[in-house]
Amino acid sequence: TSCSIALSTGLDIKQYPTPNSGPTRRFLRVKEGKPSVRINKDLHANLKKRGMKFAHVNIATLPGHYADAEVLMEKAALDVFAVTESRLDCTLLDSKICPSGHTCYRKDRNRNGGGCAVFVRSKWPSKRRSDLESNCLEIVCVEICPEKAKNTIFAVMYRPPSMNQEKFILGLEQEFLAKLDDEMVKDLIIMGDFNADVIALKPCKHTRKLMQMTRLHGLSQLSHRAIMAGYRCCLIFLAWLLIRIVLRSLKPNCGFDKTSCSIAVSTGLDIKQYPTRNSGLTRSFLREALSHETTNTGVKEGKPSVRINKDLHANLKKREMTFAHVNIATLPGHYADAEVLKEKAALDVFVVTESRLDCTLLDSKICPSGYTCYRKDRNRNGGGCAVFVRSKWPSKRRSDLESGCLEIVCVEICPEKAKNTIFAVMYKPPSMNQEKFILGLEQEFLAKLDDEMVKDLIIMGDFNADVIALKPCKYTRKLMQTTRLHGLSQFVKEPTRVTEFTSTAIDLVFVNNTHRIVSHGVQEFGASDHSVTFVVKKAGVCKAPLEIRD
């Protein structure tokens with residue numbers, strides 16, 4: 001699943017794995033001289049199956065590198081290829097720069113600099129979206145209309161280094177992003193050269209403002225590697241659903257056999273860790289339990305039993321935090337199962353909804369040693385939330401962010417040498433008025449987070465909103481729209497509650513900084529009809545307790 005294309009331009013772009021991509025796919029490499037191509041014979045067939053491939057490069061004059069661009073488009077099977085600094089003018093017709101089998105959309109400045117161009121393979125129906133473009137920005141916007149799939153709005157833009165930064169930010173927000181509010185049901189991809197270094201140790205004000213503004217419009221930025229020796233960074237923004245480059249013809253375990261584990265608990269939990277964008281083989285925190293020796297805590301009738309990789313606990317403690325949530329449908333009745341899960345799966349933060357607690361049950365009766373408990377009770381008949389934070393992570397209750405009209409518990413975790421994390425768990429009962437919940441969520445909780453967006457934010461809970469339904473209800477659509485407008489991305493894409501007649505994804509996970517997430521997933525939990533949702537994020541180094549020796 002890899003290829004390499006040698007160009008005479010000196011361009012060096014590498015494609016790194018994304019959450020569902022599988023093994024690393026390097027698709028460009030540099031070599032001086034005439035354009036030459038070394039390409040895996042299976043790549044072209046795989047890419048054509050069910051995915052669309054988008055690519056962008058600042059080409060610094062298209063006429064001078066037309067041959068290289070044509071080789072790239074054809075041999076790497078690119079469906080959409082965008083260039084910035086095309087340096088074209090009206091004297092060059094589309095027929096001179098557009099390869100056969102492609103449709104060209106362009107915005108020219110002059111032969112000295114600037115300009116954008118987009119080449120879309122003709123098999124994908126497409127049209128120019130001039131209504132979304134702006135005169136104050138160098139931008140080309142195209143809508144791709146595939147059959148039997150959502151439309152995709154694709155935009156490429158270029159910000160010259162000499163352009164006023166505040167003017168660019170203002171134009172981007174008011175002249176482009178504001179027009180997309182009615183287009184969020186479609187897939188959206190924005191690529192380009194923004195001249196904003198997102199990997200700098202101390203990003204400038206322009207970069208911080210750009211990232212903050214795009215997050216507020218529900219966009220996630222995926223480029224975290226240096227391009228052109230760190231001088232320019234091309235940003236790739238993506239909203240709600242990713243354009244999936246699906247390589248399902250690969251073997252199911254290809255590339256994962258050294259970075260997966262299985263935890264089997266008597267409650268039915270089975271969590272598997274797959275490599276994600278920044279994990280790699282050397283940074284995986286779990287190993288395959290099926291091919292390693294396991295230890296058994298001992299099985300006795302009526303008591304939980306555990307089979308777990310003996311190295312798992314130590315690996316989880318390194319530099320990551322593991323969060324897990326489950327609708328447990330009465331914590332007192334499943335306390336033993338929850339305690340086994342927390343300890344043996346080395347969970348740093350474990351949360352439950354429908355805890356069904358009241359004031360007669362003290363924290364000491366439900367909180368295991370080594371954890372701090374935060375809870376909001378309703379009664380023994382239903383409702384309630386509880387959060388258990390491992391004591392090694394300093395934490396505090398954020399009652400100022402909670403709301404009287406929502407069942408919510410909000411905690412701030414304050415690790416050393418890392419960003420603080422605001423973690424919230426909430427429960428929406430099926431009987432609660434949906435409009436009232438959305439209004440309370442937006443005005444009583446999300447509005448308070450505007451000053452907290454510099455911190456990592458994770459929200460988990462049972463929202464009773466089926467996000468994988470073929471026709472989501474009005475409440476679900478409104479929930480997703482509201483969270484996207486506040487810069488949150490939702491990770492759960494598979495069922496979390498399965499009954500004899502239904503299969504729904506109602507236990508959701510929202511985060512603001514997707515690049516901080518190492519892993520996420522859903523696994524069954526035998527003690528409840530709801531599955532466990534989990535997410536693993538980067539964290540600081542825990543300070544080990546002092547040890548006094550003779």
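Reader: Among contacts in the protein chain between residues at least 6 apart in sequence, what share joins residues at least 24 apart, and what makes a contact?

Author: That share is 65%, and a contact here means heavy atoms within 4.5 Å. Keep in mind that this is a predicted model: local features need pLDDT of at least 70 and side-chain atom pairs count only at pLDDT 80 or more, while totals for chains, interfaces and linings use all residues. Numbering runs from 1 along each chain as its sequence is written, and side-chain values use heavy atoms, with hydrogens and water left out.

Reader: How many helices and strands does the protein chain have?

Author: There are 10 helices and 30 strands. Both are DSSP runs numbered from the N terminus: helices are H or I with at least four residues, strands are E with at least two.

Reader: Why are Phe168 and Phe194 classed the way they are for accessibility?

Author: Buried means under 20% relative accessible area, exposed over 50%, and partly exposed in between (1.4 Å probe, protein chains only). Phe168 comes in at 1% and Phe194 at 0%, so both count as buried.

Reader: How do you know what kind of pair Phe323 and Phe423 form?

Author: Their centres are 5.3 Å apart and their planes at 25°, so the pair is stacked. Phe323 lies in strand β17 (residues 320–327) and Phe423 in strand β23 (residues 421–427), so parts 100 residues apart in sequence get tied together. Both Phe residues are buried.

Reader: What makes Lys428 count as sitting over the ring of Tyr475?

Author: NZ of Lys or CZ of Arg has to be within 6 Å of the ring centre and within 35 degrees of the ring normal. The charged end of Lys428 is 5.3 Å from the centre of the Tyr475 ring and sits over it.

Reader: Why is the contact between Glu412 and Arg398 called a salt bridge?

Author: The term needs a side-chain nitrogen of Lys or Arg within 4 Å of a carboxyl oxygen of Asp or Glu. Here the closest N and O atoms are 2.6 Å apart, so Glu412 and Arg398 qualify. Glu412 sits in strand β22 (residues 407–413), and Arg398 in the loop between β21 (395–397) and β22, 14 residues apart. Glu412 is at 2% relative accessibility and Arg398 at 9%, so both are buried. By this rule the count comes to 27 salt bridges.

Reader: How do Asp529 and Arg497 count: buried, partly exposed or exposed?

Author: Asp529 and Arg497 form a salt bridge too, with the closest N and O atoms 2.9 Å apart. Asp529 has a relative accessible area of 39% and Arg497 is at 26%, so both are partly exposed. Elsewhere, salt bridges that share partners join Arg129, Asp131, Glu143, Glu183 and Lys186 into one network.

Technical notes: Rings of Phe, Tyr and Trp (its six-membered ring) pair if their centres lie within 6.5 Å; planes under 30 degrees apart count as stacked, over 60 as edge-to-face and the rest as tilted.
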